[in-house]
Number of protein chains: 6
Amino acid sequence: MHSKGKPLAPEIELDTLAAGTPGFTGADLANLVNEAALLTARRGLKQIGQAELEEGIMRVIAGPEKRTRLFSEQERKVTAYHEMGHALVGHFLQRTEDIHKISIISRGQALGYTISLPREDRYLTTRTELMEELGMTLGGRAAEEIVFNEVTTGAANDLERVTQLAKQMVMRFGMSEKLGPRVLGRSHDQPFMGREYGAEPDYSDEMAREIDDEIRRVIEEAHVTAQKVLREHLEDLNRMANLLIGRETIDREQFERLLAGESEERVFADAAVPPGGGDGKKPRKSRAKPKPYPLPGTEGAKS
Amino acid sequence: MHSKGKPLAPEIELDTLAAGTPGFTGADLANLVNEAALLTARRGLKQIGQAELEEGIMRVIAGPEKRTRLFSEQERKVTAYHEMGHALVGHFLQRTEDIHKISIISRGQALGYTISLPREDRYLTTRTELMEELGMTLGGRAAEEIVFNEVTTGAANDLERVTQLAKQMVMRFGMSEKLGPRVLGRSHDQPFMGREYGAEPDYSDEMAREIDDEIRRVIEEAHVTAQKVLREHLEDLNRMANLLIGRETIDREQFERLLAGESEERVFADAAVPPGGGDGKKPRKSRAKPKPYPLPGTEGAKS
Amino acid sequence: MHSKGKPLAPEIELDTLAAGTPGFTGADLANLVNEAALLTARRGLKQIGQAELEEGIMRVIAGPEKRTRLFSEQERKVTAYHEMGHALVGHFLQRTEDIHKISIISRGQALGYTISLPREDRYLTTRTELMEELGMTLGGRAAEEIVFNEVTTGAANDLERVTQLAKQMVMRFGMSEKLGPRVLGRSHDQPFMGREYGAEPDYSDEMAREIDDEIRRVIEEAHVTAQKVLREHLEDLNRMANLLIGRETIDREQFERLLAGESEERVFADAAVPPGGGDGKKPRKSRAKPKPYPLPGTEGAKS
Amino acid sequence: MHSKGKPLAPEIELDTLAAGTPGFTGADLANLVNEAALLTARRGLKQIGQAELEEGIMRVIAGPEKRTRLFSEQERKVTAYHEMGHALVGHFLQRTEDIHKISIISRGQALGYTISLPREDRYLTTRTELMEELGMTLGGRAAEEIVFNEVTTGAANDLERVTQLAKQMVMRFGMSEKLGPRVLGRSHDQPFMGREYGAEPDYSDEMAREIDDEIRRVIEEAHVTAQKVLREHLEDLNRMANLLIGRETIDREQFERLLAGESEERVFADAAVPPGGGDGKKPRKSRAKPKPYPLPGTEGAKS
Amino acid sequence: MHSKGKPLAPEIELDTLAAGTPGFTGADLANLVNEAALLTARRGLKQIGQAELEEGIMRVIAGPEKRTRLFSEQERKVTAYHEMGHALVGHFLQRTEDIHKISIISRGQALGYTISLPREDRYLTTRTELMEELGMTLGGRAAEEIVFNEVTTGAANDLERVTQLAKQMVMRFGMSEKLGPRVLGRSHDQPFMGREYGAEPDYSDEMAREIDDEIRRVIEEAHVTAQKVLREHLEDLNRMANLLIGRETIDREQFERLLAGESEERVFADAAVPPGGGDGKKPRKSRAKPKPYPLPGTEGAKS
Amino acid sequence: MHSKGKPLAPEIELDTLAAGTPGFTGADLANLVNEAALLTARRGLKQIGQAELEEGIMRVIAGPEKRTRLFSEQERKVTAYHEMGHALVGHFLQRTEDIHKISIISRGQALGYTISLPREDRYLTTRTELMEELGMTLGGRAAEEIVFNEVTTGAANDLERVTQLAKQMVMRFGMSEKLGPRVLGRSHDQPFMGREYGAEPDYSDEMAREIDDEIRRVIEEAHVTAQKVLREHLEDLNRMANLLIGRETIDREQFERLLAGESEERVFADAAVPPGGGDGKKPRKSRAKPKPYPLPGTEGAKS
């Protein structure tokens, strides 16, 4: 543990830490502890505590908070609906991940963020799960469309991830029944070039047209799903987005209790309890959405 | 502050300066103060005043004035109508920016310029606002078409900005309902190559045709809007363009009072009052149009 | 023999070793013996035995075992059906190779593996044999489709091999009657570039379309065959996949006896007998599937 | 002034010199004076006179005279009709430029040349003026077609300029109503690569076809215009081309007087009078046609 | 002669040697003599004899024998039919070359080889001769199809040569009546790049389609011819292929006598007679098939 | 004159030499004199004579004679008809060039050659003359078709020149009425890359198709013309080709006298007279066909 001379508080369990950061490389973990140690020093504490570690994780995942940015009321509102759109579609669709944290505090390049977490390490992903992932990623844009009848530039990163994932489903994982069990396009592993999978076409323009159709069909299907979910839960969307505007950040437990109808006062009265502390449970593993979408094949390749 | 040995006049407020130059990098600000200090020295003054800072800002945005160029009467007239076309379309359409300055004094490569300013810092831009931006940018060309029934080579830069912005709306921000919530084309961030977003196609020629159609539709819509606005305000266009030919430069307050019908004499009688001085108000933030169009996604990305 | 100071056990026959590793280069063999010597040292043995050599072969072919990975029940189940899909299609179709080992113990990037072996060294491959090879490679995906009515990301490597092999049949070996006895696309032998055969098209887009159709037809034919075989042997698939979940690894003899209906208890009661030992027969040559598909032309070129 | 030790004759006015060479860079001017100084030395004169400066200008624009080339009668005749074709179309169409000099004395790579001059510096060019420019450039080829019913290789440079200009009108200046107010194709400013504007397509092949149609339409329109002008003035073309064959070079005043019907004898009787001297007028500004066509956008960009 | 200290046997005639190796470069000849000298040393002989030179030639042409490879009965059978297919089509079609040697002893990458020889040096090749060359090259594949009703990977090199030759006929030698007397595609002579003729297309996709059609037509015609010849001589094919399986190598004289119906015993009783020795005739010039197809234009260019 | 210490014979006129070598660069001339000086030395002469200079010219144009090559009777016959095909089409079509020499003695890469010469230096070339040039270049292939009803590989260089010239007519010289007065494709002057004119397309695939059609039409027209001329003069072709087989080389005067019907004996009785000597006339200027086709635009550009 590179902890810069700062010991970990005795109540910290290293197992919990590792379990809470699936997908982290060794460098990520070192980075995390450094960030936590710096925070500890800045706060004049002697031991790295749970709060410092949590913030360290957030910084590695999404960058430091940018509290100096001043957003307009309208921007805060759009952002809150956008993030809650992700969270609600994810909550109602996603069978294998939980909503871990929702926030409209700007971090890095993002105006807000929603973090979901797998319930366990995954090595195989099904077509259904990838469709749900697409739906959740399009949930932010869908919320903007439904509530404001207008779209903004803010969804650009979501759209990139949706496009890349839909392409992989069609071109790498053989998940288009029409095109059959094959790959399309040549991949390049040269780290220097850094080109994405299927970057170089190896098919006719007619086949390219069919691929385009399939990608469009996949995205359209997920888009319709996201809109359907949010329309069915429009009351929740309005209520929860307004709560998010007020509270700025909502964690997993709060999210679930608020959604279940518990009163805001009661839910946040418990907020003083440290995360994962109140009921003695360990925090669940969190996988941050803002990280580049992992190529499932490297998790679950099999022959 | 790199002010080359010249102190700032005591009445200058640094906050005002920073507020008046949104989007300026540190290097831009250093440049600005250098320009102002040079002017101060050339004018034999001991302190950098408000006038020198204002001119410094203009130089950083649009280059130095080119008063030695001799334009024909016709060129001055075309330029005045062109700039007033930008200003009027911007004024009547633009919900979030004000017209800051209109001029037919040549600066850098430009024969004239119109500067508009956002009322506050923006992190998200809506599709509607981008359509208004397109309309304003096409306002110069539209004025030429309506008044002279002829087009000139002078709109080349406007057309580049219109094309690039329309492409981003369709290919990066998912603002074409027909093509759906996705990105189109691969972007490249390699600073050495400096290629624009979506430079490399990753779709079939059939899809390329649909993209072309959508880009053309977006531009056509904005063009029709710009022409409609100017036809409805043709009297204003004639009156204001002629005032601009006579006065060469019109600032925000003058523009609004003249447009409201106040007499030329009265408006310009106040012109001796230093900019932003007369009513004790600070100058509003100005964002220069001639700067390359910022990628909205870097301002307002959100996940 | 580079055996790192460890002598081979006297009962090891070098001929047997070489015969059991067809396609191994000199470097592969050196690697194999090194791995076996390391294992021998780690196990505190004085002589490299048959077991160490067998494990050495597996490490060279498929990488070291990854027992620390924790798979979910569902992932183990999907993997078992996937591998047994390969094995059964291979068994019922393949005329020239035997199933050597089936395992759901993760090695390298793979969650499981199936190894088949040619009955003798091959220098020529017929179109029929390549179609069977395609069918066996698609057997894993076909099993997932039939049993779970769902596909996963786990077949990505299989799909790459299927696509590359189907391309070679059509573009390099003249095995499409429609396109005739010719090659299509230029190959590149430059080792630095490392591009695959037929990487650069040298034909019209119309021809590219016909090539796409032929490749799709070849893959579709193999896919239908694989599904047909598994549907006809669905009972075997269910029974054998469940056995594999329990036993984790099944070797050639066990596979054949279990498939023939012998009881699990009896088959595995013999498992203490060392591989290839019980009946005094030498192990058959094994060719590992996970190795990149060899270009048949370099084995069997002829003029 | 780099005049190689040769003083300028006292009657030379530097203003006149600069005014007569619009578009000349500093290097061009230095070159001009060097050429004039060399001529002065070769002619054994002590001062650089008007004649030497005029010849210096011609050398910088079109290269040195090539009097050693021996042309056939037919080649001289074709060249005379070609140059007079340029001059007459330019004269009857061109509203903003005058014919400055017409010659069939070979210079550099050219067999003859026609120089026209703008009446004042221009920063904006209208679509109409560009169409006239196209017409004048096609006038040489049109004269060959009409008179000899045959075309030659001699128009290659004209055709390059016509094509490049028509492309810019359609692709850079938004002068095709059909394609709308936008740019087409990416430009490159990298000086090392030196690629022309719009070198890299960024549109579908369907759009490429529409661009081709528009370029062809623009060129066809100008071609028809040039032929129409020459057919209407066929008598002038025959008379003036024959005069040019005899006299080899005709200047602006001679051209206008001959065209107006004055007798050859009377017009050339005055030819002893030095250029621009006879009536005390300064020579008009001349812009040489043979220079590469300037990108209007760099002269008249405006925003 | 680089003969590594080994003298040539006195009966060797250098003229014969040179005559027997048309197309050999100086380096090829040096290589040949070195190989022969090595063999001579290995065989403990003092002089390089005819046998050593013959083997030297074979090594330069086709690589060393690979007797350690163990082929299956089926592979030997397929190879024998394949080589005899080349030989018989060549024999019955080829007007200007003789069959020099047929063998199923593996050399280099090849499982077997057939060598034909021109009866004299050639500088011009007719379309008819090139069609015959195509037919002979496809003879191996055709024999597999007819006899085994199956194709193998073994014809890959033949298919490459067929494709390249058909392309040259259509694209370089103007031998497609439909496309006319012209070349198609740009050639590159840069030795570093080593690209083949016509590597870079310089035509529309429509033209590319026509070129594809013509190439396909040429190959199809030769394929049909090869099949027709072998079907008409199926008895010979069966008889001769079986003789080749038994004898492994058949030379020109044996081939012709066996084909003429002489008994196997009698033909091979003479085999002790050294090649080209029995009847005092010199061996005819042999041109090896396995060498890359020479560009006829460099042999027979003419203007 | 670089004459390697060998003086020119006094009867040599340098003017004649220069006049006889139009298109030669300084380096070509130096090369010529060196070759002549070497020959003079080899022949033991003291002065460079007319014969040595003539041979020097041929070596520079077409390379040294290759008398060691042994051609078959059929090859000599095909070559004679091919060269006479060039000569007769050239003679009956070409209005501006004479046939200078016809030979079936191999030089450089060529099996034979025909040299034609312009009657004077040319700076402009008409479309009609280029069509005649195409016809003459296709005359060799046309003769093969008519006489042998078969084509050979020997015309490859002719076809390259035909293709390149037809492309220039359509793409550079605006000689296709359908495509209009414009250039097509970007040219590259970079000497290092050495790419031909119009190497890079700048048009749609539809336009590419039209260009292909026009190129094909131009070549077809010339091909038909060449065949027509030879069919009309088939008797001459047979007679003259047979004379060429016997005499190997025929010069301009012999060609014209033989064609006019003078007897072989009488024409060649005069052959002892040195070239250009008998009638005291100077040799006419000769331009060698085998040199790469000059871009007419560099000879006759005009603006």
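Predicted model: local features only at pLDDT ≥ 70, side-chain atom pairs only at ≥ 80, totals over all residues.
**Entry 1: the sheet of chain A**

I began with the strands of chain A and found that three of them form an open sheet in the order β2-β1-β3, with antiparallel pairing. The edge strands are β2 (113–118) and β3 (249–251) of chain A, each of which pairs on one side only. I noted that strands here are DSSP runs of E with at least two residues, that helices are runs of H or I with at least four residues, and that both are numbered from the N terminus. Two strands count as paired if DSSP finds at least two bridges between them. On average, neighbouring strands of this sheet are turned by 20° against each other, direction ignored.

I then looked at β1 (residues 97–103) of chain A, which pairs with β2(A) in the antiparallel sense over six bridges. One residue I followed was Ile102(A), whose bridge partner in β2(A) is Thr114(A). Helix α4(A) packs on the sheet and touches β1 and β2 of chain A, and its direction makes about 165° with that of β1(A). For such angles, axes are lines fitted to C-alpha atoms, for helices over the stretch in contact, and the angles run from 0 to 180 degrees between N-to-C directions.

Residues are numbered from 1 along each chain as its sequence is written, and chains are lettered from A and ligands numbered from 1 in the order in which they are written.

**Entry 2: chain A as a whole, and its helix α6**

The secondary structure of chain A comes to 12 helices and three strands. Of the 303 residues in chain A, 50% are buried, where buried means that 20 or more other C-beta atoms lie within 10 Å of the residue's own, exposed means 12 or fewer, and partly exposed is in between, with C-beta atoms placed from the backbone. I also noted that, among contacts in chain A between residues at least 6 apart in sequence, 72% join residues at least 24 apart; a contact requires C-beta atoms, placed from the backbone, within 7 Å.

How many residues of helix α6 (residues 139–148) of chain A are buried? I found seven of its 10, so that the helix is mostly covered. Among the buried residues of α6(A) are Arg141(A), Glu144(A) and Glu145(A). The buried residues of α6(A) pack against α4 (73–93), α5 (127–137), α7 (156–171), α8 (205–232) and α9 (234–247) of chain A. Just after α6(A), Asn149(A) takes a positive phi of about 50°.

Most residues other than glycine have a negative phi. Glu248(E) is partly exposed, because 14 other C-beta atoms lie within 10 Å. In chain F, Glu248(F) has a phi near 75° and lies in the loop between α8 (234–247) and β3 (249–251) of that chain. Glu248(F) counts as partly exposed, with 13 C-beta neighbours inside 10 Å.

**Entry 3: the nonpolar core**

The largest nonpolar core has 436 residues, and those with the most contacts inside it include Met84(A) and Met84(C). Such a core is a set of buried Ala, Val, Leu, Ile, Met, Phe, Trp, Tyr and Cys residues joined through C-beta atoms within 7 Å. Leaving aside neighbours within four places in sequence, Met84(C) is in contact with Ile102(C), Ala143(C), Leu237(C), Met240(C), Ala241(C) and Leu244(C).

**Entry 4: how chains E and F meet**

I found that the contact takes 28 residues from chain E and 37 residues from chain F. On the side of chain E that touches chain F, α11(E) gives the most, with four residues.

Chain E can be laid on chain F with an RMSD of 0.1 Å by a turn of 60° and a shift of 0.2 Å along the axis. The two copies are thus related as by a six-fold rotation axis. The superposition is by least squares on the C-alpha atoms of residues with pLDDT of at least 70 in both copies. Which residue of chain E comes closest to the rotation axis? I found Asp205(E), with its C-alpha at 6.8 Å. The copies use different surfaces, for 4% of the contact residues of chain E recur in chain F.

Notes: Contact = placed C-beta atoms within 7 Å.
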